[in-house]
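Please open the model in your viewer and keep the selection tool at hand. The stops below follow one another, each saying what to select and what is to be found there.

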Amino acid sequence: MAALALGLAGTAMVVTPSSTAGAATATLVVDYTCNGGIAGTGSGTVNLRTRLTVPTTLNVGDPLNVEWKLNYKDATRLGSPAYMPNGGRIDVTGRANISGSWIGQLQPKGTVDQSGPMDKGTPLNLPVGISDFGHTDRAGTVTVRPGNTLFVDFRPAASEVMVNDDDPAITYSGGWEDKDGLPFEDHDYHLDLHRTTVKDAWASYTFKGTGIEYVAQKDRDAGPIEIAIDGQAATPPRVDPSRNADGTLVNDAHKGGQTLWKFHGLKYEQHTITIKNVQDAKLGQLDAFRVITRDLVNPPKEYRAECTLANAPGAIQVEIGGGDDNPASPSPDSSPSPDSSASPSGSASPSPSASPTDDNPGDESPSPSPSATPSPSPSASPSPAAVQTQNYVVTAVVTQGSPSPTATRTVTLTATPSVAQVAITPQGGAQTGEAPERVSFSGMLLIGSGGALLLIGMLSGVALLRRRAAHSGERG
């Protein structure tokens, strides 16, 4: 079948019936415009061009598969929301609204991993496609329409990131000294650190992750350090690099690269850690912060890009047949004679069915379903010319130039059978419209006449015997 191209208010709908596993399909070109989240860290506004493919004919029991191919429409791209050392994952969720013989919604989904490391704004790859399916348990006609919204989420991969003390994102108060070129045997991260002997000197760092660790030297000349997360005392609120876990004084000096404090289990969002030197003339030190991101169950909401429909793609009708309750098949008890012809009733007027365009399937009214096939009633009129009305549904897709491109019209046709609704029994019977045949009385007359003749014969025989007896007596 040739492809059908329809221009709709400056946009295009391309319907391309094809054959997939023996089933006809149709494809809609659906454009979306994405904003927010990873769209904002990329090109700002990102344009997608997608193709929705749906089978147009199914049998009861076949799955209703909805497949969506995804592509960027132009040079705009979604971007990595931050530095991602191990990359991440893109999750895409679409919506396909179902109306007609039943109402519902399919949510095609797809994912693709993004290899790392990625700097902020690095272009992200889309999944090749997304898909979902629904079960068909009865015959009917349904309309599949792409939803108004498509969501693209970014999920960071689990990672650990070392933030060195000289990172410009770390803020220091006055009184800190930057020590570079430290001895290799001290094992300081990048062979440098920040150091202070000023009481209440502080350093802070804002990060995004689920945990944070404080790295510095163990040193018998160091003093206690207070730690706060998001302005509140952390747990524990203080660490002393000059003491062992049991409280005894350490014998080490300049033992660098030590994780002195850690806090995990934070919600994945922006946090700020602050360290403060407690005692004057005691060493306060910062070698690095280690930022932890664990595997996330759900993608962060702030990374979600919301994509809205940018064209009027139309809809696809799916005919589902083969069920016992197929409304398009008349009942055997009431099907018209093969030589009867159906013609449209002059009084039938098309009534457009609901054509919803929103994403809330509960607000979408189903198209009028074909009326149930009537079966003849035993008390039907006895006239042999009784007419039975059988309703059929003829569906037409009408393309309009308004943003609501597809209207479904339903026309009711009336079929008038040319034979009687109930067969006539030749010898009469109930509901045939004929009186029983009359019974002839000639047989009864013959029987009566025969009986009378027999009776006369018997009486004549008796009289003859009496005469013979009387004659014998006279002779004797």
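Begin by selecting β17 together with strand β18 (residues 193–196), which pair in the antiparallel sense over three bridges; strands here are DSSP runs (E, at least two residues), numbered from the N terminus, and two of them pair if DSSP finds at least two bridges between them. What you are viewing is a predicted model, in which local features need pLDDT of at least 70 and side-chain atom pairs count only at pLDDT 80 or more, while totals for chains, interfaces and linings use all residues. Residues are numbered from 1 along each chain as its sequence is written, and side-chain values use heavy atoms, with hydrogens and water left out.

Within this pairing, Asp178 stands opposite His194 in β18.

**Strand β7 and its partners**

Next select strand β7 (residues 63–72), where Leu64, Val66, Trp68, Leu70 and Tyr72 make up the covered face, and Pro63, Asn65, Glu67, Lys69 and Asn71 the uncovered one. In a regular strand the side chains alternate between the two faces of the sheet. β5 and β7 run antiparallel and are joined by six bridges, with Leu48 opposite Tyr72 in β7. β7 also pairs with strand β12 (residues 129–135) in the antiparallel sense, over seven bridges, and there Asn65 stands opposite Phe133 in β12.

Now move to Thr56, in the loop between β5 (45–55) and β6 (57–59). Is Thr56 buried or exposed? Thr56 counts as buried because its relative accessibility is 18%, buried meaning under 20% relative accessible area and exposed over 50%, with partly exposed in between (1.4 Å probe, protein chains only). Not counting residues up to four places away in sequence, Thr56 touches Ala24, Thr25, Ala26, Ile316, Gln317, Val318 and Glu319, a contact being heavy atoms within 4.5 Å.

**Aromatic rings**

A search of the whole structure finds seven aromatic pairs, counted when ring centres of Phe, Tyr and Trp (its six-membered ring) lie within 6.5 Å, with planes under 30 degrees apart called stacked, over 60 edge-to-face and the rest tilted. Select Tyr205 and Phe207, whose ring centres are 6.3 Å apart and whose planes lie at 15°, so the pair is stacked. Tyr205 also forms a stacked pair with Phe289, at 5.9 Å centre to centre and 10° between the planes. This second pair links distant parts of the chain, with Tyr205 in strand β19 (residues 202–218) and Phe289 in strand β24 (residues 288–293), 84 residues apart. Phe289 is buried, with a relative accessible area of 0%, and Phe207 counts as buried at 3% relative accessibility.

**The nonpolar cores**

Finally, select Ile38, Leu48, Leu78 and Val152, which touch the most other members among the 42 residues of the largest nonpolar core; such a core is a set of buried Ala, Val, Leu, Ile, Met, Phe, Trp, Tyr and Cys residues joined through side-chain atoms within 4.5 Å.

Terms used. Helix = DSSP H or I, 4+ residues; strand = E, 2+ residues; numbered from the N terminus.
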